[in-house]
Amino acid sequence: MNKPFKTLLAATGLIGAALLSACGGGDDAPVAPADKAVAIIFAAVNGSTPVACGTQLAGMGSTGVAADLKDLRFYITNLKLINDKGEAVPVKLAANAWQLTQGAETVSLVDLENATGACSTPNNTTATNPVITGTVPAGNYVGLKASMGVPETMNHSAIAGGVPPLDNSPMAWSWQSGRKFSKIEIDPVGGITKPDGSKITTFNFHQGSTGCTAKTDASGAVVKDAAGNTVYTCTNLNVMDFSLAAFNTDTQKVVLDIGKLFSTTNVTVENGGSPGCMSGATDPECPTMFSQLQVSFGSGSTGLPINGGAAQQIFKAAAK
Amino acid sequence: MTLSHRQFLRTLSVASALLGVLALGGCGGGDSDAAASGEATQDGGAWKWALPAGFPTPAVPASNTMSVAKIDLGRHLFYDKRLSGNGQQACAGCHLQDKAFTDGVPVSRGSTGEFTPRNAQSLGNVAYNPLLTWANPSLLVLERQMEVPLFGENPIEMGINESNKAAVLQRLADAATYQGKFAAAYPGEASPVSWSNVIKAIAAFQRSLISGNSRYDQMLVGSAVFTPSEQRGRELFFGDKAGCSRCHNGFNFNDQVVDAATVVVSTPFHNIGLYNVGGTGAYPEPNRGVMELSGLFKDMGAFRAPSLRNVAVTAPYMHDGSVATLEEVVDIFAEGGRNVTTGPYAGDGRLNPYKSALIRPLGLTAQDKADLVAFLRTLTDTRFLTDPRHADPFKAP
């Protein structure tokens, strides 16, 4: 394509934008193609049934036990919409306390618990956030891709005095000096049996990076960033990638299928490690959980998404 | 520096502090003994370390420099039950000065009744620890470590959570105790009552907890004389036969030290053969050491070698508080590990496949062991355990 033609196209776009703006009663004449405001709605389902605190979940885990939701929060990072040319275009986040942009990286906290029912613990909150808002350049968008996690450059900052939404203390992941990427907890009816026969109440799924240590340089000195904070490296990032090839921001929302997430794990037994799966590399409840995330899991594995998360089925598009 | 010089400085410092108390007392200020500053001297609020002989200058984060006002604020917060969610527990609830800031029980009870998995560690000389806690290679600074007891959910310790964290800060902002203290500690800040400032102040107080005036230290400078048993114990401790100093060495009697001049930090962890559950090498959950973070079996049961300063007052011992007395600790090392003969954790720790090669039967006689214990008891710094500058400011002196 030659340059003058491109310029002409751009000019046409400008005129189009100006016309649209005029039709919509806009109060100023834009000088660039108008960005398109988007609001990506997130929700949780169990199969096709909406999930909420205070409503029992049926058929959870490999044994199909009923369970009460106790927590449901997760960070979404680097949300992109896929346009009709197949390009993944970053969503420029609006500024609010649920989402943060630092350099080229973005992160949002999706909070789908409202501190009712079994979710009524002191670390649950009545405030919820089911939406990521922002803008994309004008265009035709047909799909979506994102990661469930926190960018490594943001993950290890301090919780206290941190920037929202990274100051959320329930999402703190102190044992790896980072954050829980997702905190999804259920209380199976009848409890969870440990090898010694005793019972515990909650099956926790806490996803986060593991094997994290301070980064050292060739001389062995601890590496600090420009702000003087310690730089960490983790052997297993455990960030989940997913993409939805067909996604319409106007008519559809992103749903996380809790039923599918727990479907291959027996949530009525606790065989060791942390209660449930807290991402520990040797935790016996973790391999089946991470298989649903399509993240290579465990000691000696990469901790990276398998084939970009292509085979994951826990995030889906659904009608609004 | 000679001892007499040090004593002179100390006397001078105490005298200055007294003058300060009198002056402030005259103005109705009160409660100003906290303005004294550990082993340091006071100089218009600026901080100047005054350290025991042989102690290097501690490393202090540039983002949290020391000041007299900050340490004073941190000391009050450390001892203040209002800092916990339910107002029932202070940091000092599990870190008691007379026990070198440990708590005398195997594992500690948090503000809501939950128990920690591991034994509370001493805060003496914590400024020199490059890593904090028993087995976490990722917790490098007090300011980050403190997020665990403050905000942790598994277990709940101080019990600060999303529902109460604003209210707890407000509680502190409203308290008569803190009127002026935050502003003095963080001059120029518009809203100094914040969680990050709470944490920084407590960290500054903790860094001021320097212990280096034990009978051992006094013996080194000639102001105390060891008994024959203590002297034999000292020779065993540092000698090849017992070899304790292979991991418990240097001024702080450990093998992980950082100071202001440190470039390369060494942070070894050791499996000392305390467990070998079912002969598999396993340590009982949730206390499997660095392995729980790294996921690597080679790190099974690997814990930090703690400083032995004040060790006689920090019982019970080991990461899980499973050894009651110093005598038993020495017995375990003498045997090259611990053979657990009954119960769910049965297994011969002496044969743990992940055990450090340094841990082996030592062939110590009963007298040797008694001498080692006698030496270990010389590491108690009585002044540190009673120093009013580290004491509870809410208690009448």
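Which residues in α11(B) meet which residues in α12(B)? Leu326(B), Glu327(B), Val330(B), Asp331(B) and Ala334(B) of α11(B) meet Lys369(B), Leu372(B), Val373(B) and Leu376(B) of α12(B). Contact here means C-beta atoms, placed from the backbone, within 7 Å. By class, this contact has six nonpolar, no polar and three charged residues.

The model is predicted: local features need pLDDT of at least 70, side-chain atom pairs count only at pLDDT 80 or more, and totals for chains, interfaces and linings use all residues. Residues are numbered from 1 along each chain as its sequence is written, while chains are lettered from A and ligands numbered from 1 in the order in which they are written.

Now the geometry. Helix α11 of chain B spans residues 326-335. α11(B) and α12(B) pack at an angle of about 125 degrees, and their axes are 10 Å apart. The two are therefore oblique to each other.

Turn to helix α9 of chain B, residues 228-238. Its buried residues are Glu230(B), Gly233(B), Arg234(B), Leu236(B) and Phe237(B). They span an arc of only 165 degrees around the axis, which puts them on the same side of α9(B). Buried means 20 or more other C-beta atoms within 10 Å of the residue's own.

These buried residues pack against α12(B), residues 366-377. α9(B) and α12(B) meet at about 95 degrees, with axes 7 Å apart. They are therefore roughly perpendicular (65 to 115 degrees) to each other.

Note on methods:
Buried ≥ 20, exposed ≤ 12 C-beta atoms within 10 Å, placed from the backbone. Helix = DSSP H or I, 4+ residues; strand = E, 2+ residues; numbered from the N terminus. Arc of directions from axis to C-beta. Contact = placed C-beta atoms within 7 Å. Axes fitted to C-alpha atoms, helices over the stretch in contact; angles between N-to-C directions. Parallel < 35°, antiparallel > 145°, perpendicular 65-115°, else oblique. Nonpolar A, V, L, I, M, F, W, Y, C, P; charged D, E, K, R; others polar.
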